Amino acid sequence: MTKIYQKGGTNEIKAIDNVSLNVKKAEFLTILGPSGSGKTTLLNILGGLDMPTSGKVVIDGLEISKLKQNQLVKVRREKIGFVFQAFNLIPTFSAIENIQAALAPTRMTKTKQIERATELLNLMGMLNRSNHLPSELSAGEQQRIAIARAFANNPKVVLLDEPTGNLDTTTGKEILSLCHKASKEKGQTVVAVTHADYVKNYTNRLLLMRDGQLIQQE
Amino acid sequence: MHDILLALYKKIEKVKCLNPLNYALKEIRRRKYRTLMNVLGFAIAVATLITLVMAARGWEACTTEPLNNIGTDIIYIYTAPVAPSNKGCYIVNHLFSYPFNQTLLDEIEQQPNIESAVPILMHRLRAMVFVGIDPTEIVTNAVLPRDVIDGRYLKPEDGYAALVDKEYAELNNLTLGSTVNYVADYEVVGIVEVSATNLMKSHIYVNLPVVQEVLPEKPIGLVNIGLIRTSSPTNVEETAADLEENYPNSSILTGSDLAETAYSIIRINEETAWSFSFALVIITVLFMIKSQLGNVAERTKEIGILKAIGWSNSNVVTQIVTESIVQATIGGIVGCGLGYLFALYTLSTIGGEIGGALKLVSVDPLLLGIGFGVAILTGIAAGLFSSLRAARLTPVKAIKTL
């Protein structure tokens, strides 16, 4: 697939240039690359937040690149979990409510929602901070909540955009360990994009991205 | 594992499920200034609607009360530019009038939609007003049995017996059995208290034949006022129009005529009040839409995040409309409360008497309900309009908003 911004204009930018990618079920794939290489754009397209200019995206047998917006919302809700680069927690929601935000539009009962959110907080070691606002949490704690939110709906695919970008190395390693553990336990496919080198210790496969192209596989 | 989680769960204090209502309450607490402005907008619109409509109703009640309290829908007279003489004059309240044949009222009583036409002879000499009545008419009359506060009402067989107005009696130390004079002497058999707005309010009330006999002009068989009661309040205007057509030299007065006189002074009736209130509601809707659009713009990134994690357009619309409804509910309640108080105050000052129109009209609960309903509908409209903008946001662009 390819993604071009301002196509036909004078400042045409190929953010993704003829990328072809296969990710197996339960695989932990990491894409390394410098800033501006197109990693986030790739992740946004894989997550149905953006559409490719050409090509297709198939997740769990479903071609999401042809879906309408309301169908994409359903896919994002049920099949995809997303961890954003800047956490993107809702500032007025407490930790547990931020996790519930991913469950609120589902058919899950209220009790189940709270139980699931509690379970994830426990997994992230954040149970004692459940009623704290994001502003009262450290960067590492916010990232844990963001990850918990991404895993809330037991998605098939979890996409992590720079999960350790705002964290120190120790905390970053803890976060990746948690993601790896959560993925392994539930058999979920994880795709992480990052420029942190140490992530390769947690991943099944590593790809490099530069200038919109996947240029090397290891 | 389940038991451990339950135990852990119990340690978490006050965990509420995230739903549109508690999300809305969070946003309201977060944006206190905007919430306050929105609530005030709703409150002012609702309070103004209630106050204006109640004021109009109060004025209308005050102007029709002079007829209502004598059981009358229409007054039939012949106005005249008769100058007062030392022998007195025939008046209707402050209007001079010609006397006419009493049998004319028998003829009028046969007209369609007319239930009764009661004769009155009202005379003024210097500062005193003297009224002749038919005491067999106890529903429509210048003074009614219910107005008697001491003694008794007049009887048809009474000769020189009189009912005396309470204020006049107190001023002149008159009691039951006293003698009061107007051209002749009469025994006071009853003291009456009538409203200051009663058009037929007089000092002395005597049997009509006696009045016709004692007055210097000897107006035997003559009266100067006909009090007409229609068969239904809905056909008053139609009946008045018929009378004007059939008796072109007469003057026909209805409650509307009295109200128009008041309206020309204050220029407000219920229709005007509703029209003004409707315009105010439109302005409020526009203001709320603008405010909610601002609310959506401030939360562009937040809405983008929610859509990215699976919130549909309908989830977003529901949330924004819920917030708007919560603000409208608070504003509506405050507005109803303020409107109720302002209406009470306004009604108490209308009419000139202490207590004013409040004696005649109470604040209508239905009107409070309409005011509250208007607030809610306004909130829904503003929320829907602004949520359409939110629904059009694409997650990736919204998230990138600073």
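Which residues in α3(A) meet Ile145(A), Ala148(A) and Arg149(A) in α5(A)? They are Ala95(A), Asn98(A), Ile99(A), Ala101(A) and Ala102(A). Here two residues are in contact if their C-beta atoms, placed from the backbone, lie within 7 Å. Ala, Val, Leu, Ile, Met, Phe, Trp, Tyr, Cys and Pro count as nonpolar, Asp, Glu, Lys and Arg as charged, and the others, Gly among them, as polar.

This is a predicted model, in which local features need pLDDT of at least 70 and side-chain atom pairs count only at pLDDT 80 or more, while totals for chains, interfaces and linings use all residues. Residues are numbered from 1 along each chain as its sequence is written, and chains are lettered from A and ligands numbered from 1 in the order in which they are written.

**Chain A**

Chain A has six helices and ten strands. Both are DSSP runs, numbered from the N terminus: helices are H or I with at least four residues, strands E with at least two. The radius of gyration of chain A is 17 Å, close to the 17 Å of the globule rule for 218 residues, so chain A is as compact as a globular protein of that length. That radius is taken over C-alpha atoms, and the rule is 2.2 Å times the number of residues to the power 0.38. The C-alpha atoms of chain A fill a box of roughly 50 × 40 × 35 Å along the principal axes.

**Helix pairs**

Two packed helices are described by the angle between their axes and the distance between the axes. Axes are lines fitted to C-alpha atoms, for helices over the stretch in contact, and angles run from 0 to 180 degrees between N-to-C directions.

| Helix pair | Angle | Axis distance |
|---|---|---|
| α3(A), 95-103, and α5(A), 139-151 | about 25 degrees | 8 Å |
| α9(B), 270-298, and α12(B), 365-392 | roughly 40 degrees | within 8 Å |
| α2(B), 20-30, and α11(B), 313-349 | about 65 degrees | 9 Å |

α3(A) and α5(A) are therefore roughly parallel (an angle under 35 degrees). α3(A) passes α5(A) in a right-handed crossing, meaning that the near helix is turned clockwise from the far one by less than a right angle.

**Chain B**

The crossing of α9(B) and α12(B) is right-handed. Val281(B) and Met288(B) are among the α9(B) residues in this contact, and Phe385(B) and Arg389(B) among those of α12(B). By class, the contact has eleven nonpolar, seven polar and one charged residues.

α2(B) and α11(B) also make a right-handed crossing. Residues of α2(B) including Tyr23(B) and Leu25(B) meet residues of α11(B) including Thr322(B) and Val326(B). This contact divides into seven nonpolar, four polar and two charged residues.

Chain B has domain 1 (17-63 + 268-399) and domain 2 (79-249). Their bounds come from an automatic or database domain assignment. The C-alpha centres of these two domains lie 53 Å apart.

**Where the chains touch**

The contact takes 30 residues from chain A and 25 residues from chain B. On the chain A side, α2 (69-78), α3 and α4 (110-123) each give two or more residues. α4(A) gives the most, with seven residues. The chain A side divides into twelve nonpolar, ten polar and eight charged residues.

Note on methods:
Parallel < 35°, antiparallel > 145°, perpendicular 65-115°, else oblique.
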